[in-house]
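Work through the exercises below with the sequence and the model side by side. Each task is followed by a solution in steps.

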Amino acid sequence: MAMSCGGTRGCGGSTKSKRTVDAATLNGGPNWVEDSAVSSCQGCNLPFTLLRRKHHCRHCGKIFCASCCRERRPLPKFDYLDPVRICRDCSQLCWKAESLLLAIRTQNIEAVTKYVKSGKD
């Protein structure tokens, strides 16, 4: 059983070589934090154990426990067309971006104006 992907993007238990370059890397995907660089979750700070495993957020590249990285969304900008694991913060960012795109597509000027004036993000 593979315990770690050694910082190689998207290995999900596979035996992908570190030399393999996937579409996410070519399309500006995040640099993944090396597994050896962290000993606790970057979300809740609980230490990793044999039962609390490390999971990379496919959006930001940080390492989280399963509880802090349970959301799954497609990330077409990184060529992840099927839903992939992302952390809570990235999930919220993706939700905000999707809401803004919907407001733009439906020409909801009030929502777009409110978003721009809020100064958030």
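**Exercise 1. Find what covers the buried residues of helix 2, and check the helix length.**

Step 1. The cover over the buried residues of helix 2 includes strand 3, strand 4 and helix 3 (109-118); helices (H or I, at least four residues) and strands (E, at least two) are DSSP runs, numbered from the N terminus.

Step 2. The model is predicted: local features need pLDDT of at least 70, side-chain atom pairs count only at pLDDT 80 or more, and totals for chains, interfaces and linings use all residues. Residues are numbered from 1 along each chain as its sequence is written, and side-chain values use heavy atoms, with hydrogens and water left out.

Step 3. Cys90, Ser91, Cys94 and Ala103 are the buried residues of helix 2. Buried means under 20% relative accessible area, exposed over 50%, and partly exposed in between (1.4 Å probe, protein chains only).

Step 4. The expected span of a helix is 1.5 Å times one less than its number of residues. For the 18 residues of helix 2 this gives 26 Å, and the end C-alpha atoms are 26 Å apart, so the two values agree.

**Exercise 2. Describe the pairing of strands 3 and 4.**

Step 1. Strand 3 (residues 71-75) pairs with strand 4 (residues 80-86) in the antiparallel sense, over four bridges. Two strands pair if DSSP finds at least two bridges between them.

Step 2. In this pairing, arginine 73 lies opposite valine 84 of strand 4.

Step 3. The two strands form a hairpin with four residues between them, and aspartate 79 in the turn has a positive phi of about 65°. Aspartate 79 is partly exposed, because its relative accessibility is 40%.

**Exercise 3. Which residues of the largest nonpolar core touch the most other members?**

Step 1. A nonpolar core is a set of buried Ala, Val, Leu, Ile, Met, Phe, Trp, Tyr and Cys residues joined through side-chain atoms within 4.5 Å.

Step 2. The largest one has 17 residues, of which Cys41, Phe48, Cys57, Phe64, Leu75 and Ile86 touch the most other members. Strand 2 (63-64), strand 4 and helix 2 (88-105) each supply at least two residues of this core. Strand 4 gives the most, with three residues.

Step 3. Not counting residues up to four places away in sequence, leucine 75 touches Arg58, His59, Tyr80, Val84, Ile86 and Cys94; a contact means heavy atoms within 4.5 Å.

**Exercise 4. How many disulfides does a search of the whole structure find?**

Step 1. The search finds zero disulfides, a disulfide being a pair of cysteine sulfur atoms within 2.5 Å.

Step 2. Cysteine 41 is in no disulfide, and the nearest cysteine sulfur, that of cysteine 44, is 3.7 Å away. For cysteine 90, also in no disulfide, the nearest is the sulfur of cysteine 87, 3.5 Å away.

Step 3. Cysteine 41 counts as buried because its relative accessibility is 1%. Cysteine 90 counts as buried because its value is 5%.

**Exercise 5. Where is asparagine 45, and is asparagine 45 buried or exposed?**

Step 1. Asparagine 45 sits in the loop between helix 1 (23-26) and strand 1 (55-56).

Step 2. Its phi is positive, near 65°, in a residue other than glycine. Most residues other than glycine have a negative phi.

Step 3. Asparagine 45 is exposed, because its relative accessible area is 56%.
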